Amino acid sequence: MLDIKFLRENPEVVKQNIRNKFQDYKLEKVDEVLKLDQENRDIKKEVESLRAERNKLSKQIGGLMAQGKKDEAEEIKKKVASQAERLNELSEKERNVEEELKKIMMIIPNIIDSSVPIGKDDSENVEVQKYGEPFVPEFEIPYHTEIMEKFDGIDLDSARKVAGNGFYYLMGDIARLHSAVISYARDFMINRGFTYCIPPFMIRSDVVTGVMSFAEMEAMMYKIEGEDLYLIGTSEHSMIGKFIDTIIPEEQLPKTMTSYSPCFRKEKGAHGIEERGVYRIHQFEKQEMIVVCKPEDSVVWFEKLWQNTVDLFRSMDIPVRTLECCSGDLADLKVKSIDVEAWSPRQKKYFEVGSCSNLGDAQARRLKIRVNGESGKYLAHTLNNTVVAPPRMLIAFLENNLNEDGSIRIPEALRPYMGGMSVIK
């Protein structure tokens, strides 16, 4: 959410940012905000004037009563009572205007970084760099669920009976591999100085609206019926929510944390051949990383975060590339975002396995995450990034480590988490 003062002073900048994100239908919202903001300031001005007048009259009443001028005092009391009614009326109006103002401000997108490429959707994202040499073996690579089934490692049919489409049972060595990747990712991030955390897997609505846009919320979140609780779509939500309405001493920054959690997503609109299997699912597990830092440090942390994911995948011999998200592919709260994509030898293309985002002070403004520095209080900056999210990551792992005889090679870094195994047969 933008600072209302910034929007008031820079309406054309805000409108151009909306155009850059190809959300022209929101342009009129800027004018609505300006109108409501002026109305709100006019109300506050009248309220202040009435309160000052009421205080003045109250003193007069006391003086008149002391002088025995009861009738004059009663007349002034009537005037004070009339002003009290007007104040109540204005207070109600002020609440309504501020509520509407906040509602509209919540859907106006954050100002994107000047380095973000302008484009309508993810088809116009820009490749930044490749890491590792993508290869295609001479033998045919089966679809990932077929690989898993050869190890009796997945049961989609039973899951469909139990929970419906978009769920799965992982079993045996494939399930062990899944857990090994999560454990390895946890230790990988701890070794890079991040504090490990297991957060709540449900959050309240004020946290949901603090960490994401309404559009994301509708497309992703599962609501718990009869309670003010939502299942998390990523642990970033509860990790950033941990700092809601707090004032952090500047010397305690940055806060660098890595978290494990299951994730639950509606995945509305998911379709196509690559949506079968475990590519787009309603439940999965993930290792995440978040940073809460000073505004001037967020650019540096952004680069560090996505590099962590690249390094993790390369340590497991998986070729990856980084992709700069264009303006139209950025969620409304994001200032800048880079996706990490893994190489698929079967598809002969890259696919997304993680996303790194700098949200500036957008989440901090909504959640009131402030920093107490030498020059006073200010809003923190927040960032998040996927460390690894199996079982989607398993698609890349299985394809890139499949041997011609059908066995799976275990990279050296992962062997301690697989009981020393170097291959799954």
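This report walks through selected parts of a predicted model.

## Ground rules

The model is predicted, so local features need pLDDT of at least 70 and side-chain atom pairs count only at pLDDT 80 or more, while totals for chains, interfaces and linings use all residues. Residues are numbered from 1 along each chain as its sequence is written, and side-chain values use heavy atoms, with hydrogens and water left out.

Helices (H or I, at least four residues) and strands (E, at least two) are DSSP runs, numbered from the N terminus.

## S298 in helix α11

S298 is found in helix α11, which covers residues 298-315. Its relative accessibility is 2%, so S298 counts as buried. Buried means under 20% relative accessible area, exposed means over 50%, and partly exposed lies in between (1.4 Å probe, protein chains only).

The side chain of S298 makes a polar contact of 3.3 Å with that of N358. A polar contact is a pair of N or O atoms within 3.5 Å; within protein, one must be able to donate a hydrogen and the other to accept it, and residues adjacent in sequence count only if both atoms are side-chain atoms. Leaving out residues up to four places away in sequence, S298 touches C293, N358, H381 and L383. Contact here means heavy atoms within 4.5 Å.

## Aromatic pairs

The structure holds five aromatic pairs. One of them is Y184 with F188, edge-to-face at 6.0 Å centre to centre and 70 degrees between the planes. Rings of Phe, Tyr and Trp (its six-membered ring) pair if their centres lie within 6.5 Å; planes under 30 degrees apart count as stacked, over 60 as edge-to-face and the rest as tilted. Y184 and F188 both lie in helix α7 (residues 172-190), four residues apart, about one turn of the helix. Y184 and F188 are both buried.

F194 and W301 also pair: their ring centres are 6.2 Å apart and their planes meet at 90 degrees, so this pair is edge-to-face. F194 lies in the loop between α7 and β4 (195-197) and W301 lies in helix α11, so the pair ties together parts that are 107 residues apart in sequence. F194 is buried, at 6% relative accessible area. W301 counts as buried too, at 15% relative accessibility. Elsewhere, Y184, F188 and Y417 form one aromatic cluster.

## Charges over rings

The charged end of K223 sits over the ring of Y230, 5.5 Å from its centre. R392 lies over the face of Y279, at 4.0 Å from the ring centre. A charge sits over a ring if NZ of Lys or CZ of Arg is within 6 Å of the ring centre and within 35 degrees of the ring normal.

## A three-strand sheet

Three strands form an open antiparallel sheet in the order β5-β7-β6. Its edge strands are β5 (202-203) and β6 (222-223), each pairing on one side only. Two strands pair if DSSP finds at least two bridges between them. Two bridges join β5 to β7 (residues 230-231). I203 stands opposite Y230 in β7.

## Recorded binding site

UniProt, in an unreviewed entry, places the feature "binding site" at R265, K266, E267, E352, V353, G354 and S355. Its positions are given in the numbering used here, feature names are shortened, and annotations may be inferred rather than shown by experiment.

E352 is found in strand β13 (residues 349-358). E352 is partly exposed, with 30% relative accessible area. G354 lies in strand β13, and is buried at 3%. Beyond its neighbours within four places in sequence, G354 contacts I338, D339, V340 and T386.
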